[in-house]
Each structure stands twice: as structure tokens, then as C-alpha cells.
Amino acid sequence: MCEGTHCLKNTPLLEKHLEAGAKMVPFSGWNMPVQYTGIIEEHIHTRSKAGLFDICHMGEFFLKGPSAAKELDRLVTCRIDNLPAGRCRYGFLLNDSGGIIDDLIVFRISPEEFMIVVNAGTVAKDRAWIEEHISPGAVFTDSSGDIAKLDVQGPLSGEIMASLLNGQIIGDLKKYYFVRVNIQGVEILLSRTGYTGERGYELFFPATEAVRVWDILSAFDDVKPVGLGARDTLRMEMGYSLYGNDIDEAHTPFEANLARFVFMEKDFVGKEALLKQQREGIDRVLAGFICEGRRSARSHFAVSVEGRNVGEVTSGAFSPCLKRGMGLCYIEKEFVTEGREITLSPREPVQRPDRRTGIKASVKSIPVYKPRENERSQNGTPGT
Amino acid sequence: MVPQELKYTKEHEWVRIEGGEAVFGITDHAQSELGDVTFVEFPDTGSEIKQFGSLATVESVKAASDIYAPLSGRILKVNEALRDKPEIINQSPYEEGWICRISVADAMEERNLMDASAYETYLKESG
């Protein structure tokens, strides 16, 4: 395997990021912008105006053929048979134990053609899993390298898209709908989806046009580039899971409190394990929390109640909107009640005698922050 | 350019020695690496500290890092303004964003610190 930064992949927008003063970091094998002007400023800008995100690292698969719908229905947890063309749906790929291989969004492009958008770090294993599980009737293609993805998210994103699409009406494009549009000669699949909780759009188009589309969008005064740092705090305020942190192969969608994205009235890989879990019950579930003050818990902090370990933090950061710590944790089910007091502590040995070890926090239903516009009822695309 | 009159540690703290007392904080390089500072965990006033021992934590949006004492001594005062506005560290790392004032136990320990030009060289070498 490749180590270090010399073999990281770059998106077509590297030069643009450097010009904008980005701090670049390795992420899932990619050299990605973590921030430009600062995480808090970019976070607040997305909540108040519009943020532009380079999400070219994520994967795009296509599945075509007369049996594609049936094949996909058996592989993902969300319902595909009744998904109309022009709409998309969030769901999971599960392994035989019901563990989450990935979270994804399935777009039905036409009755016999689907686009599947997956996380960057899971492209190879998703591809292998899907190829292994589909019959020859459906044609699978991994187009991750050929497709660029940019997200425009924020309360002003609707006006911005409308002004770019003069005549091509998208004003009433509802959440989880998508259309094909043409912006200054570039054919774009435009979907009303996102990972921030704000009104927002995701744009899929040929990677060769990435710089042009980035420039077109950046030309708006209200649009600022936003890095993966703010993308993470934005999704965390919404309680959206990030693959590899909050959800993984060791957890089922039930444990992750994401049962609403699992359609149990059909057959799919992993269903037997989920049925078993339904019968036997689960011990720990994913829940949101907020800290008492600005001090923030981080991933892997232990969760305790009255000195007893009852869980583990899987995402934790400072919330720029609430100005206090926030995050997600797996916690014994009986403690998942609004306002339940918990203590979050680092796992490494305490080095200083005067160090306050535990952070006082409380269980909080997600989203821990409610955006002005009601965009929060559904999960976004898979993480980053 | 780093302020000429200050002394520096390898962990990117600066210290201003004023007679038997000293004031310290984190350098511009350190605040820039951390990003937006969101919380400072101070040591208790009156507590004894040892040179290069961990004594405070500075948190940013996504991470927490330890702050090490540039000199041995005793905590006289902490910068209370940082409790509500820790971002002052980002805005003014060498002035308004100071973290602690201490009484210096052993002035000879200054030899273990870098002067401005040595710190600049250190930044270039480690960058």
C-alpha cells in the first residue's frame, strides 16, 4: 500500500485550492482542502450564504440493463422498485452480518440506468462487493475518475442555481429529486441533496470541466469555497453519520439509528442478520450529544454514567453555531433519553494532576442544531 | 518574522521574560497550524510547573493539543479573556492572546530556549 503524501490523488481542482489559500490534508487517499480561511468562518458562511465544496474524491458507479433495478434492490437497503426516474434515495450496502459496507445514494437516471454515489475511501471495496454480487444481466461501470462532483450548499444556493439556469426551471426541485441541466455548455446532473442540512445542490459532470464549473460558481460574491473541516462540523450539527467514524462494518443501520433507510419488506443482502438483531435486540445505539461548554469531546472518548463505562464517542468537535462541544456516540440504549447527563473522557492516561478529565455533556436528539430552513428531515449523501 | 525580543520552545510556545516573572503563549506558527482556537484549558493559579512539562490544553474545532511550560515556576495568572474569546489566540498570538503569567523558579533555564533567529531557522528546517 501507498504511504505518505507523495502518492495521494489530486482532484482536478488542486490549483484552485492552492490559489484560494487552502490548507491541504490527506483524506481517504486524496490530497484535499481541509480549510481556506478557517473552519468556523466557512461553516457560518455555509449556514448564512452559500458554500462551494470540491467533492470530486467521492465515487460514482453506474448500473445498467433490464435487470439493473432488481439487482440493485437486492444489494441496497432502500427500496428501488418504486423509485421513479429523476429521484434518488439514501441507503446502505450491508455485508452478510448486517454491518454497513458503505452508505450511498442511488439515483435512478432512467428505468434501466442507475448512478450510485459512494464514499471516497470505500470505492474499491464497494466495487468488488457489487461486482461479486450482480448477475451478468446488469452492466456495472466505475466512473469515479471521470466524474467531477461539486456541492453548492446554503440558504442562497437556490437563487444562485436559478440565476445560472435562466429559463431552466429548478425553483421547485424538491429534496431528493434531480434534473439534467446545461450550464454554459456543460451538461450537469443537478440534484437537490447535500450533507450540511441547508438547502443545497450536488452537481455531477465530466471531470474535464471541473475547473470551468468551479470558476462559474466561484464568480458569485456570496459563494465561498468550504473545506472538509467545515463539511465535517456542518454534518455533525445535523447528526449525519460519517462512514468510517460513526458507521462501519461493525455496526448495523439499526445500531446507527438509521432504520428508516432500511426497507424490511423486501429481500436484500444482510437482511437475515437484521431480522435476528430485531428479535434479539441491540445493546448500544448511536445518539447525539452536546457538551456543557466549549471544551469538546473527540472521537474515541469514553462515555460514562456514574463512573460506569456505557459507550464511546465516534464523532466530536466544536459546534460553530452552538459554540459548545457536540458529537455522536454509541451508548447503551437505556441512556438514550433527552438531556441524560453523561461524562466524556479521553482514553489516554491523564498526564497532569490538575487536569479536568471528564467533560460534562448530555444526550441530545439530532439535529443538535436546527438550520433556519427545514432541510433536515433526511440524511445527506454519504460522507466525504 | 517572529518577534525578536521573545524566546521560543520546540513545541512552538513563546515566552517574554520580565525580571522574575514571565508571560507565555503559542506562536503564530502554532495558531496557524491549529486553526480556529475554540477552548483553552488553564492550569490552576498557584500550581507549580516544570520546564517543558504539559500544563494546558488548547483546543481547535477538530483537535486538542497540549501546551508545555517554557520555564519552571508557579502560575500567577491566566488570561481570563480567553475563556469566552479563545479566538484572540488566532488574532493576536504574541500580545492579546497570551496564556499564562508565571513566577520564574530558575532563570538559568532560559538557556534551554531558542532566540528569535534560532526559532526561525527551526521553523524553516521543520517546515
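Q: What makes 13 residue pairs across the interface of chain A and chain B count as polar contacts?
A: The model is predicted, and both residues of each pair need pLDDT 80 or more. A polar contact is a pair of N or O atoms within 3.5 Å; within protein, one must be able to donate a hydrogen and the other to accept it, and residues adjacent in sequence count only if both atoms are side-chain atoms. The rule finds 13 such residue pairs between chain A and chain B.

Q: How do you know which residues of chain A and chain B are in contact?
A: Contact means heavy atoms within 4.5 Å. By that rule, chain A gives 20 residues and chain B gives 25.

Q: What is meant by the area that chain A and chain B bury?
A: Buried area is the accessible area (1.4 Å probe) that two parts lose on being put together, summed over both. For chain A and chain B this is about 1,700 Å², with 42% on carbon and sulfur atoms.

Q: How many salt bridges join domain 1 of chain A and domain 3 of chain A?
A: The count is zero. The rule still finds three residue pairs in polar contact there.

Residues are numbered from 1 along each chain as written, and chains are lettered from A. In this predicted model, local features need pLDDT of at least 70, side-chain atom pairs need 80 or more, totals use all residues, and side-chain values use heavy atoms without hydrogens or water.

Notes:
A salt bridge is a side-chain nitrogen of Lys or Arg within 4 Å of a carboxyl oxygen of Asp or Glu.
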